[in-house]
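I opened my notebook to get to know a new structure. Here is what I looked up, entry by entry.

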Amino acid sequence: MDHKATMKVFSVMFLFWLPMRVEADCDSLTAGGTARPHHINEERLRFGSACLILLSFGCLALSLAWMFNLIRSYVYNDRVMLDTDFDAGGRVSLGLTATTIVSQWTWAATLLQSSTVAAKNGISGAFWYAAGATIPLLLFATISVQLKVNAPGAKTFLQVIQARFGNRTHLIYCFFAILTNVIVTAMLMLGGCAVLTNIVDDLNLEFSSMVLVAIIGSYTFIGGLGATFYVSYFNTAVVFAILLVFLVKIFHSPVDGDPLGSIDRVYLLLNCSEGPDGNHENSYLTFLSLDGFIFGVINVVGNFGTVFVDQSYWQSSVATKPKQGMWGFLLGGLVWFAVPFAFATTMGLAYIALSTYWGQDLLTPAELGQGLVPVAVANEVLGYKGHVLIVLMILMSVTSTGSAEVIAITSIVIYDLYQIHLKPYRRVADTNGCILCGKSRGRMANPRDQCSCTSMTHCKQCSADDVNQENNKRVIKPGFKCKVHGNYRTYLELLKYKRDWAIVITSILFIPLTLICYRLNVNLEALYNLMGVMIGSSVVPIVLAMFWSRLTGRAMELAAVLGLVIGVLAWLLSSIILHRKFDLSLFLQNSSEDNHFEFSMLIGNLAAIGSGGAITIVVSLVTQPPVDEAQQTELWEKTRDIDNPLSPWTELYIKEFAITEKKLVFNRPSLQQMKAEFMTTYRTAMFLGVLLTVIFIIVWPALMTLVTVFSNTLFRWWIALSDLWAFSAAIFIIVVPIATEIMDMVKEIRAMRGTRRVNVSSDLELNPVRTPKPVVTVSEQA
C-alpha cells in the first residue's frame, strides 16, 4: 500500500471518530406540549398480583433449596454437618460459582443506581458504574486462590486474621465485616422496598420488607449456602432475560408513535438533550464528564470494600476448589459487567430521551434519589407489563444478595464470635493444637505427646453412630458414642442449633434496619457513595493478610481504626469547606443538586483507603524485622491449621495429592506442594486480573476520551457492543452453569459406582464364595 492510500485510510478512520452533532429539528422530535399519557404512579401493579408473584417465587426458592439438599445427600454423599451449611461441600462447580457471583453482585442498587448515574451523566455513567464494580471481582480471583493455598480449611477470612494476629485484631475486623454487611443490606432493602411500594397498589414499606425477609430467611434456613447457588442460577437467568426484553424494546423495536424503538431515535433525542455542566459541550454522549469520572473513582474505592470486606464473597471462594474459584470470579466478573453496562445504558439513556421528548423530567429529584429511573422507563415503554418485569428483577436481586448477606453474618457469628470468643469447644494454645484431644498436631511436637486422632471418615465407631442416628425415627436422636469424635459432634450439633437461630434473628433484623433508614430519609445514592469512607480503610490490610508475611497485628489495628477516622474527618471537613457550613442534610435527604457532595465523598473515599494502606505498610516495616524462610513457613502453617477435624480439608484434595494417611498429623500436603500444584492457577488469576483491570480503567476510557462527543455512527457501535456483551453473557450464564453441574453430577455418579464395584470385589477376595460339597448318600458309596 502506497503512502497516499495509507493517508486515505487514516483519514477515513479519523473522520469516523470525529465528533458530529447532528443538526436536527429538536422541536419536531418532541411531543410538542402534548401531555404525558401516564405517570409513574399510574397503571400500578395490583396488590393481589404482586402477592401472587412473591408467593410463587417463595415456593420456587424453597423447592430449589430442597432439591439442592437431595442432590448433595444422594449424589455427592455430603454429611449433614455444620460446615456444609457454609461451604456447600467445598466442591461447587465453575458454572455455579460464576452465576452466584453475578447474582450476589447484582444488588437492587446495581439496577437502580447504575441507571440513575447514567441518567445524570450519560454514557460515561453507565460505563464507570460497570467498570468500577467489575474490577474488584477480577482481582479477587487472585485472593481466592491465595486463600485456598494458605488457609484451605478456613470458612471465613476472619479466621485467617485470628490465626495470624490474635483475638484483638480479630474482633476489630469482625466489626468492619459486619458493618459492611449492614451497609449492603440497608442499600439492598431500601432499593427493593422503594420500587415495590412505588409500583404496587396498597403496598406499604412495612409489609414489603416483611415479605422480602420471609422469602430470604425461609430458603436460606432450609438450604444454607448451597441453596443460594441453585436459586442464584434461576435469579440470574430471569434478570438477563428481562434485561434483553428492555434492550430490544428500546433500541430495536420501532413502532409508529413511539418516541423510542430504534438507535437513531434515541440518539437524536439525546443529541437534543441538555446535559450537566461538567460534561463536554453539555452533552450526554461524551466520556469527558467530570461528575462521571468522580463517581468512577468513588465507585472503585467503595466496591473494593464491599467485595474484600464482605464475607459473602469469601464464602463463594470457600465453597469451591482453587481452579474453579479462579475461573468463577473471572468469568463471573465479565458476565456481571453486562448487567449494569447494558441495563444502565438502556434505561438511563432512555430516561434522558423520554424526558427530552416530553419536555419535562419523568421523576422528581426525590424520586431520582430513590433510584426509580428503571421504574419510570419501564412504565413509559411497557406500561403495566413493565411494572411486572421490574418487580421480578428487583425480587431476583434482593433475594439472592439478601440470602448471601444472611449467610455471611451467620457464619461470622458462629465461626468467629461464638466458636472462638464466646463458647469454644476447647481452648488450645494456638491453631496447631488438636481441638479433639488438646495435643499438638505436629511440626515441633514430641512424638510421645503428638496427636493421634483420625478423621471421622475413617472412624468405624462414627460410622456406627451414623447408622444408629439414621435408623432411629424418634424426634430426640441417641447420643454419639465415639470416644474420639463424639463430644465434638455433640458440640457441632449445638452450633447447628445456634446457626438456625442466627439465621432467623439476622433475617428479622433486616426489617427494623430498613424502617430506620427509611424514617431517616437516607438517600440510596449517598449511602452508596459513603461505603468507601466507612470500610475502605480495612481493604489493604485484609489483602496483605493473605500475602505478606511481615505484616503485624498492630499495623492491622491502627490501619483500620485510624483510616476510618481519617476518612470520616476528610469527608466532613471537605464538605464544610465546599458548602461553607456543616450540613448533614445532604446525606440524610434525597437532594444533591450540586457536585460539592460528590467532591467531599471523593476526598473521604480516597483518604480512607489511602491512609489505611499507608499505615499498614509503614507500621509493619518499622515494627517487624524481615522474616526468614523458616519463619514464613511457620507463619503460614498457622493458617493451614485452621480445620474441622471431623472433615479435614485434605479430603477435598485426595485426588491431587494421592493422600492415603488416616492420621490428621500426617495426612496433609506441605505448603510447597500446595503452591506448586496451584501455581499455574495463581499466575493465570494474577495475569488476567491485572490485564483486564488495566483495560477497564485505563485503556478503554483513554480511547473514549479521544472522542469528544459521539457521532451517530459511533453511538451505533456503542449500542452494538452493549448488545453483544449482554446476549453473550446471557447465553453463557444460562447454559454453562447447568452444563457443568450436570457433568459434575455424572462424574460423581460414575465414581460412586466404580467405588461400589471395587468394594464388592474386595469383599469377594476377602470372603470368597465357597461352593458346597455334594452330599454323597450311602447307596452311592456302595
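**Entry 1: D723**

In which helix does D723 lie? I found D723 in helix 29 (residues 712–766); helices here are DSSP runs of H or I with at least four residues, and strands are runs of E with at least two, numbered from the N terminus. Before going on, I noted that this is a predicted model, in which local features need pLDDT of at least 70 and side-chain atom pairs count only at pLDDT 80 or more, while totals for chains, interfaces and linings use all residues. Residues are numbered from 1 along each chain as its sequence is written, and side-chain values use heavy atoms, with hydrogens and water left out.

Is D723 buried or exposed? D723 counts as buried, at 10% relative accessibility (buried means under 20% relative accessible area, exposed over 50%, partly exposed in between, with a 1.4 Å probe and protein chains only). Leaving aside neighbours within four places in sequence, I saw D723 in contact with L247 and H252, where contact means heavy atoms within 4.5 Å. I also looked up L244: its C-alpha atom is 8.4 Å from that of D723, although the two are 479 residues apart along the chain.

**Entry 2: V391**

Next I turned to V391, which lies in helix 17. V391 is buried, with a relative accessible area of 1%. Apart from neighbours within four places in sequence, V391 is in contact with L45, L196, I199 and V200.

**Entry 3: helix 8 beside helix 17**

I stayed with helix 17 (residues 384–422) and checked helix 8 (residues 157–165): their axes come within 9 Å and cross at roughly 25 degrees. Axes are lines fitted to C-alpha atoms, for helices over the stretch in contact, and angles run from 0 to 180 degrees between N-to-C directions. Helix 8 and helix 17 are therefore roughly parallel (under 35 degrees; over 145 is roughly antiparallel, 65 to 115 roughly perpendicular and the rest oblique).

Which residues make this contact? I listed L158, Q159 and Q162 from helix 8, and I412, Y415, D416 and I420 from helix 17.

I then asked how helix 8 sits in the whole. Of its 9 residues, 9 are buried, so helix 8 is largely enclosed by the rest of the structure. After helix 8 comes G166, with a positive phi near 95 degrees.

**Entry 4: aromatic rings**

How many aromatic pairs does the structure hold? I noted 34; rings of Phe, Tyr and Trp (its six-membered ring) pair if their centres lie within 6.5 Å, with planes under 30 degrees apart counted as stacked, over 60 as edge-to-face and the rest as tilted. The rings of W105 and W107 have centres 5.1 Å apart and planes at 85 degrees, so this pair is edge-to-face. W105 is buried at 2% relative accessible area, and W107 is buried at 2% as well. I also marked one aromatic cluster, whose members include F127, W128, F287 and W725.

**Entry 5: confidence**

Last, I looked up pLDDT, the predictor's confidence in each residue, from 0 to 100. The chain has a mean of 80, and 81% of its residues reach 70 or more. Confidence is lowest in helix 30 (residues 778–781), with a mean of 40, and highest in helix 21 (residues 539–547), at 92. Where pLDDT is low, the predicted coordinates should not be read in detail.
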